[in-house]
Amino acid sequence: MQSSTLAPFRILWLQAGSCGGCTMSALGAEPAGLSETLERADISFLWHPSFSEEGGSEVLRLLERCRDGGQPIDALCIEGALLTGPNGSGKFQMLAGSGRSMIWWVRELAKRARFVVAVGSCAAFGAIPAAQTVPTEATGLQYCGEEDGGLLGEGWLSPGGLPVINVAGCAPHPGWLVETLMALASGGLQAADLDGFGRPRFWANHLAHHGCARNEYYEFKASAAAPSHLGCLMENLGCKGTQAPGDCNFRMWNGGRACPDAGYACINCTSPGFEEPVGAFLETPKVAGIPIGLPVDMPKAWFVALSALSKSATPERVRKNAREDHVLVPPRRRSPS
């Protein structure tokens with residue numbers, strides 16, 4: 001493949017209040033891995049805290065060049081929530097050797113980057129570090145939970161004319177990140193391509209429910225009672241796949257499928273506030289036996305009526321298999337006519 005004569009699309013990646021899981025997820029970009037996939041698209045890192053060799057004073061000099069405009073930045077990628085405490089000072093997270101807080105650096109560098117990308121729900125919305133019992137005064141880049149604002153402020157736009165691009169998820173699918181960066185590099189991502197929370201529509205216009213391997217059980221409301229069961233996880237085990245933005249079940253994750261395939265209910269990690277559910281993560285809160293978290297676009301009365309009808313029509317095969325960890329009753333095979 002001939003190399004491009006244009007300058008590469010340059011990424012500066014910083015980790016704020018992060019567990020590092022978004023970087024770990026990004027490494028699984030398929031089919032070639034993150035480095036080769038980005039290289040093929042002529043996208044390169046100016047610096048990444050886990051991938052780059054430079055450290056200490058070398059990094060500080062690079063950041064200063066970026067800040068004063070001597071080193072252009074195409075995309076500033078932030079992983080992790082922005083820790084503004086105590087009392088708005090940002091001193092809960094200082095950038096070692098710089099004498100400055102991480103939030104100071106993010107504000108300064110965001111002025112210079114063509115685009116700003118929040119990698120993961122912590123950077124997008126605050127998420128786990130912003131939970132009510134955590135004293136870090138954490139926030140996302142342009143949202144704090146569902147509220148506009150965040151660190152950079154409501155209505156903020158990058159020099160490239162876009163708000164913060166929220167590649168949400170805990171952790172986000174590597175394909176979401178790579179395809180977002182490719183779209184930015186090619187000039188193919190516009191404001192209209194982002195949803196109301198700044199998430200790229202190419203994945204956020206889907207629901208995690210779409211393509212779920214348990215959908216036959218969902219259709220008949222044949223529910224699992226334990227994570228190892230084959231049945232639908234919504235009624236008893238807290239699955240929010242019918243409410244969660246994401247094309248999770250259309251994409252391979254490290255050679256496998258999404259969370260429900262492993263018996264783990266969808267927790268709607270691409271949405272603000274997922275970190276503080278009404279009940280426990282793997283339990284379904286109910287009122288009068290009806291799950292609180294219904295599909296996003298279905299009236300409650302319709303859901304109740306449909307559930308009753310579906311359960312009355314459930315094939316015995318589906319009913320029995322729903323409470324097992326493997327198929328006991330296979331589909332019936334009709335004799336050739």
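Tutor: Buried here means under 20% relative accessible area, exposed means over 50%, and partly exposed lies in between, with a 1.4 Å probe and protein chains only. This is a predicted model, in which local features need pLDDT of at least 70 and side-chain atom pairs count only at pLDDT 80 or more, while totals for chains, interfaces and linings use all residues. Residues are numbered from 1 along each chain as its sequence is written, and side-chain values use heavy atoms, with hydrogens and water left out.

According to the unreviewed UniProt entry, the "binding site" annotation covers His209, Cys212, Cys232 and Cys239; such positions are given in the numbering used here, feature names are shortened, and annotations may be inferred rather than shown by experiment. These residues span 31 residues in sequence, yet no two of their C-alpha atoms are more than 11.5 Å apart, so they gather at one spot.

His209 lies in the loop between helix H7 (201-204) and helix H8 (215-219), helices being DSSP runs of H or I with at least four residues, numbered from the N terminus. With a relative accessible area of 18%, His209 is buried, and, residues up to four places away in sequence aside, His209 touches Asn215, Tyr218, Gly241 and Thr242, where contact means heavy atoms within 4.5 Å.

Terms used: Helix = DSSP H or I, 4+ residues; strand = E, 2+ residues; numbered from the N terminus.
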